[in-house]
Amino acid sequence: MYADVSKNLCIACELCPDICPEVFEMQEDGLAGAVVNEIPDEYEDAVQEAADNCPSEAIRVD
C-alpha cells in the first residue's frame, strides 16, 4: 500500500496526522504530507481511515 497527499487539495485540517502520525505529518508549508510512502502492514487500517475521513479527499491510497 502507498499513500500520497495532494498539496493542491489539502486544507491543513490536521486530521491525517491525528489518525496516523506514523505516516502523516504537518510539513513546513503548513500542509500535510506522507513521511512514509510505502505503508507498513500494521498502519494500513489507520491510513485508510485517514483517507476515508479526509474532508478534501487529498489522500490517495493505492
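Guide: The sulfur of Cys13 lies 5.8 Å from the closest cysteine sulfur, that of Cys54, which is too far for a bond. A disulfide is counted here as a pair of cysteine sulfur atoms within 2.5 Å. Please note that this is a predicted model, in which local features need pLDDT of at least 70 and side-chain atom pairs count only at pLDDT 80 or more, while totals for chains, interfaces and linings use all residues. Residues are numbered from 1 along each chain as its sequence is written, and side-chain values use heavy atoms, with hydrogens and water left out.

Visitor: How many disulfides are found in the whole structure?
Guide: The search finds 0 disulfides.

Visitor: Which cysteine sulfur is closest to that of Cys10?
Guide: It is the sulfur of Cys16, at 6.3 Å, too far for a bond.

Visitor: Let us change topic. What is the secondary structure of the protein?
Guide: It comes to 2 helices and 4 strands, and along the sequence the pattern reads β-α-β-β-α-β. Helices (H or I, at least four residues) and strands (E, at least two) are DSSP runs, numbered from the N terminus.

Visitor: Which residues touch the most other members of the largest nonpolar core?
Guide: They are Val5, Phe24, Val47 and Ile59, in a core of 18 residues. Strand S1 (3-5), strand S3 (32-34) and helix H2 (44-53) each supply at least two of its residues. The largest share, 4 residues, comes from H2. A nonpolar core is a set of buried Ala, Val, Leu, Ile, Met, Phe, Trp, Tyr and Cys residues joined through side-chain atoms within 4.5 Å.

Visitor: Which residues of H2 are buried?
Guide: Ala46, Val47, Ala50 and Ala51 are the buried residues of H2. Seen down the helix axis, they fall within an arc of 140°, so they line one face of H2. The arc is that of the directions from the helix axis to the C-beta atoms. The face turned away from this buried side carries the exposed residues Asp45 and Asp52.

Visitor: What do the buried residues of H2 pack against?
Guide: They pack against S1, helix H1 (15-19), strand S2 (24-26) and strand S4 (59-61). Contact means heavy atoms within 4.5 Å. Leaving aside neighbours within four places in sequence, Val47 is in contact with Met1, Ala3, Cys20, Val23, Phe24, Ile39 and Val61.

Visitor: Finally, what does the C-alpha trace span along its principal axes?
Guide: The span is about 30 × 20 × 20 Å. Buried residues make up 34% of the 62 residues in the protein.

Notes:
Buried means under 20% relative accessible area, exposed over 50%, partly exposed in between (1.4 Å probe, protein chains only).
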